[in-house]
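Me: Please take a close look at one part of this model, the interface between the chains. Then set that part against the rest of the structure, in one connected account.

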Amino acid sequence: MIVLLALVLYAAAGIAIAAAFLVFGVTRVLPEPAPVTLGARIVLFPGAVALWPYVLIRWLRSSR
Amino acid sequence: MSAGFRAVQWNRAKLVYDGILLAGVVLYIGAYLALVYWLDPPKDQPAAIDLRIRAFGTCAFFMLTVILSIGPLARLDRRFLPLLYNRRHFGVLTFFVVLLHASFMVEWYAVQNALPSLYDELTKVPDYGKFIGFPFKALGLVALLILFLMAATSHDYWLVFLTPPVWKGLHMALYVAYGLVVMHVALGVMQYDHNPFIPAMLASGFACVTVLHLVAGWRERAGDRAGARGSEGWLSVGPPLSIPDKGARIVAAPDGERIAVFRDGTQIGAFSNLCAHQHGPIGEGRIIDGCVTCPWHGYQYRLKDGCAPPPFTEKLVTYRVRVAHGVVEVDPRPLPPGTPAAIRHE
């Protein structure tokens with residue numbers, strides 16, 4: 001049950017962070033600026049949810 | 001190429017590829033279900049769901065086997081290169097087939113009001129120490145998670161975000177997923193269903209993937225040995241005309257790095273054999289419209305400096321080349337990506 005709960009918490013945090021990242025941060029973390037269409041942002045959502053700790057670290061680093 | 005990111009970069013070739021892929025999956029599953037319904041119709045709802053589990057499970061196994069065979073096949077015979085072109089969509093479709101296989105399994109428990117037994121089965125720790133009776137569904141679940149991670153990060157954006165070496169490393173996990181699937185079948189359905197089709201499918205698929213990789217690896221190692229030492233630590237490639245016009249010869253540096261030496265008429269340039277996109281074997285590509293073109297996805301680079309033509313921004317690692325005593329030599333020390341290093345010979 002603990003594993004399931006941890007998974008749910010990971011996914012919930014991932015959904016929130018991925019949504020914010022795809023709206024505000026998705027172009028800022030790239031080594032060279034490039035436009036990202038709305039369709040691409042939707043496609044990127046599952047990956048951002050799965051990798052959210054790393055996505056968050058990269059996003060915070062790019063903001064400094 | 002990455003001047004911007006769209007949801008899916010479909011073109012006519014990719015649409016045809018995806019259409020054939022989807023038709024193949026629908027045909028396989030339709031034929032499987034029709035054949036079994038005709039030979040031995042399921043007697044109740046759980047049996048009908050079990051049939052769907054098997055149809056999608058075997059389909060996914062065949063798809064994974066084909067995906068893993070495409071790489072070595074394309075190295076052994078260039079006629080298989082078109083299969084490689086859109087392999088990512090093949091992988092994403094495989095994930096959805098596996099997801100449906102898993103969802104039917106959950107449905108199988110749900111229609112019998114036995115979902116808690118599924119949970120118990122997965123969490124019964126002592127069973128993980130057994131060979132017969134191992135909770136094989138856990139192996140399938142881990143494989144599903146790996147396939148999800150790969151499908152979710154298959155977009156070119158993630159390739160740039162994670163960098164090609166990390167992205168490629170992550171996607172090599174497909175081999176782990178395949179191993180888990182083989183174990184999932186061997187410890188699962190093969191233990192209680194003695195239909196000879198199952199071990200035959202498993203053994204032939206596994207043998208096919210293993211043999212193709214061994215043969216392709218052996219061919220590549222044989223090519224590596226051809227990278228003889230020239231003077232001052234430079235590598236001897238051979239006379240200029242031994243490099244095919246608008247093609248390349250691949251030599252191996254002492255550290256194992258493969259270097260692709262291209263010739264376009266009288267111009268010669270050398271690059272790392274790893275395409276900046278997905279680390280495809282650029283040396284197996286051709287020069288098209290004056291640009292070195294990767295055989296995997298058509299990414300292009302100028303011969304003179306390894307830079308993609310504007311507006312694209314990818315760059316290849318380049319190497320210095322020279323012609324000494326009628327022999328092309330390459331300096332195995334890499335230059336920064338995009339450094340002009342090509343020469344002209346008479």
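Reply: Between chain A and chain B, four residue pairs are in polar contact, with both residues of each pair at pLDDT 80 or more. The model is a predicted one, and everything below should be read as a description of that prediction.

On chain A, the side that touches chain B draws at least two residues from each of α1 (2-25), α2 (38-50) and α3 (52-63). The element that gives the most is α2(A), with eight residues. Sorted by class, this side of chain A holds 19 nonpolar residues, three polar ones and two charged ones.

The contact as a whole takes in 24 residues of chain A and 17 residues of chain B. Putting the two chains together buries about 1,700 Å², and 76% of this area is on carbon and sulfur atoms. As for salt bridges, the count between chain A and chain B is zero. The polar side of this interface therefore has to be described through the residue pairs in polar contact, four in number, since a salt bridge needs a side-chain nitrogen of Lys or Arg within 4 Å of a carboxyl oxygen of Asp or Glu.

Chain A itself is simply described. Its secondary structure consists of three helices and zero strands, in the order α-α-α from the N terminus. The C-alpha trace of chain A spans about 45 × 30 × 15 Å along its principal axes. Confidence in chain A has a mean pLDDT of 93, and 100% of its residues reach 70 or more. Within chain A, the highest mean belongs to α2(A), at 96, and the lowest to α3(A), at 93.

The domain assignment divides chain B into domain 1 (12-222) and domain 2 (228-344). Fourteen residues of domain 1 of chain B and twelve residues of domain 2 of chain B take part in the contact between them. The C-alpha centres of these two domains of chain B are 37 Å apart. About 1,300 Å² is buried between domain 1 and domain 2 of chain B, with 48% of it on carbon and sulfur atoms.

Here the rule does find one salt bridge across the domain interface of chain B. B:Glu284 and B:Arg75 form a salt bridge, because their closest N and O atoms are 3.6 Å apart and the limit is 4 Å. Five residue pairs are in polar contact across the interface of domain 1 and domain 2 of chain B. On the domain 1 side, two or more residues come from each of α3 (81-85), α4 (87-110), α7 (156-162) and α8 (164-171) of chain B. The most come from α8(B), with four residues. This side of domain 1 of chain B divides into seven nonpolar residues, no polar ones and seven charged ones.

B:Asn113 has a phi near 50°, a positive value in a residue other than glycine, and B:Asn113 is placed in the loop between α4 and α5 (115-123) of chain B. B:Pro310 and B:Pro311 are joined by a cis peptide bond with omega about 10°. B:Pro311 is in the loop between β8 (300-302) and β9 (318-319) of chain B.

Conventions: Residues are numbered from 1 along each chain as its sequence is written. Chains are lettered from A and ligands numbered from 1 in the order in which they are written. Side-chain values use heavy atoms; hydrogens and water are left out. Domain bounds come from an automatic or database domain assignment. Contact means heavy atoms within 4.5 Å. Buried area is the accessible area (1.4 Å probe) that two parts lose on being put together, summed over both. A polar contact is a pair of N or O atoms within 3.5 Å; within protein, one must be able to donate a hydrogen and the other to accept it, and residues adjacent in sequence count only if both atoms are side-chain atoms. Ala, Val, Leu, Ile, Met, Phe, Trp, Tyr, Cys and Pro count as nonpolar, Asp, Glu, Lys and Arg as charged, and the others, Gly among them, as polar. pLDDT is the predictor's confidence in each residue, from 0 to 100.
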